[in-house]
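Please look over the sequence and the model below before reading on. The notes that follow take the points one at a time.

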Amino acid sequence: MGHALEKIHRLLKPGSVLVDIHPTPEATEIEVRVGAQMHTAGWLHETDDYSDYAAADEALAKVVKSGLFAVEREGTLSFATYADTLAELRDYLTEGWENARIDEITLARIEELTSTPERDKDIILRERVRIARLRPI
Amino acid sequence: MPIRLDPEDSEATALLDFAGSFAGKRVLEIGCGDGRLTWRYARHAARVVAIDPDEDEIKAALEDRPPDLRVEFRAVGIADYDAPDAIFDTVILSWAL
C-alpha cells in the first residue's frame with residue numbers, strides 16, 4: 001500500500017488532488033425496509049477484510065506523517081447495497097464477498113421481516129465508508 | 001430486480017463534493033471495477049484513465065460504457081501501471097488500498 005501511494009504521488013502534478021475511498025473497519029449494518037418502515041435486522045461480519053481496512057488507514061497515516069501527502073478534508077458516507085430477497089443477497093455475498101457472514105439471529109430476523117404480505121420491501125447492507133481528500137506535498 | 005449498489009447515490013455525491021471540479025482535468029481512477037463510479041464524473045473531465053487488475057470487471061466496463069464517453073480502461077493494477085511522472089490532476093483510489 002505504501003508503494004502504491006508513493007507511485008500515486010509521482011503521477012500527480014503539483015497542486016493536484018488524491019481522493020481515497022475505502023470502507024472503515026466497522027461491521028456492516030443490515031436493514032429491512034417494509035413499505036415506509038425501516039427496521040434494523042442485525043449485522044454482517046467479515047472474517048478478514050477488517051484488517052485490510054485498518055491497514056489502509058495505517059498506510060495513509062504513514063504517508064501523511066512522512067510528509068508525502070497532507071489531508072485537506074475527510075469524512076464518512078453510508079454505502080448501501082439493496083437486495084430484493086434473502087436468496088438474492090446470499091448469492092451476491094457468495095459470488096463477491098466470500099468472507100462475509102450473517103449470524104443466525106440476524107438471518108431469522110430478516111426472514112421474519114420479509115415474510116410479511118407487503119410486496120414493497122428491500123434488504124439493505126449499509127457500510128460505513130471513509131472518504132478523504134489529500135494534497136501531494 | 002438485481003442487486004443495486006449505492007442507489008442512494010452517497011458515494012458519487014461525496015466524490016463530486018470532495019474532488020471538486022473535474023472540468024478540464026486529467027484523471028486516474030484506481031480500482032474502477034465495472035465503471036460504476038467512472039460514469040459519474042468522466043463526462044466532465046478532459047481525460048480519464050481507469051484501471052483495475054480484474055479483467056472481467058474491465059470487460060464489463062467496456063460493455064457498459066456510454067457511447068459518448070471517452071474513457072481509457074486498462075486491466076492493470078497500480079503497481080504495473082506505466083505512465084510518465086506528474087501527468088494527472090486528480091487520482092481517485094476507489095476501494096483499492
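1. Start with burial. A residue is buried if 20 or more other C-beta atoms lie within 10 Å of its own, exposed if 12 or fewer, and partly exposed in between, with C-beta atoms placed from the backbone. B:D9 has 11 C-beta neighbours inside 10 Å, so it counts as exposed. B:D9 sits in the loop between β1 (4-5) and α1 (10-19) of chain B. Its phi is positive, near 65°, and it is not a glycine.

2. Ground rules. This is a predicted model, in which local features need pLDDT of at least 70 and side-chain atom pairs count only at pLDDT 80 or more, while totals for chains, interfaces and linings use all residues. Residues are numbered from 1 along each chain as its sequence is written, and chains are lettered from A and ligands numbered from 1 in the order in which they are written. Helices (H or I, at least four residues) and strands (E, at least two) are DSSP runs, numbered from the N terminus.

3. Confidence. pLDDT is the predictor's confidence in each residue, from 0 to 100. Chain A averages 92, and 99% of its residues score at least 70. Chain B has a mean of 94, with 99% of its residues at 70 or more. In chain B, helix α2 (residues 38-41) is lowest at a mean of 92, and strand β2 (residues 26-30) is highest at 98. The model scores ipTM 0.94 and pTM 0.91.

4. Chain B overall. It has 3 helices and 5 strands. From the N terminus on, they run β-α-β-α-β-α-β-β. The radius of gyration of chain B (taken over C-alpha atoms) is 13 Å, close to the 13 Å of the globule rule (2.2 Å times the number of residues to the power 0.38) for 97 residues, so chain B is as compact as a globular protein of that length. Along the principal axes, its C-alpha atoms fill a box of roughly 45 × 30 × 30 Å. Buried residues make up 41% of the 97 residues.

5. Contacts in chain B. Two residues are in contact if their C-beta atoms, placed from the backbone, lie within 7 Å. Of the contacts in chain B with a separation of 6 or more, 56% are between residues 24 or more positions apart.

6. Most residues other than glycine have a negative phi. B:W95 is not a glycine, yet its phi is positive, about 55°. B:W95 lies in the segment after β5 (88-94) of chain B. It counts as partly exposed because it has 17 C-beta neighbours inside 10 Å.

7. Where the chains meet. The contact takes 30 residues from chain B and 32 residues from chain A. On the side of chain B that touches chain A, β1, α1 and β5 of chain B each supply at least two residues. The largest share, 7 residues, comes from β5(B). By class, this side of chain B has 20 nonpolar residues (Ala, Val, Leu, Ile, Met, Phe, Trp, Tyr, Cys and Pro), 6 charged (Asp, Glu, Lys and Arg) and 4 polar (the others, Gly among them).

8. Strands across the chains. Two strands pair if DSSP finds at least two bridges between them. β4(A) and β1(B) run antiparallel and are joined by 2 bridges. A:Y82 has B:R4 as its bridge partner in β1(B).

9. Strands within chain A. Strand β2 (residues 28-34) pairs with strand β3 (residues 37-46) in the antiparallel sense over 7 bridges. A:I30 has A:G42 as its bridge partner in β3(A). The hairpin of β2(A) and β3(A) has 2 residues between the strands, and A:G35 takes a positive phi near 60° there. β2(A) also pairs with strand β6 (residues 121-136) of chain A, antiparallel, over 6 bridges. A:V34 stands opposite A:K121 in β6(A).

10. The helix α1(A). Which residues of helix α1 (residues 2-11) of chain A are buried? They are A:L5, A:I8 and A:L11. These residues cover an arc of only 115° around the axis (by the directions from the helix axis to the C-beta atoms), which puts them on the same side of α1(A). A:H3 and A:E6, on the other side of α1(A), are exposed.
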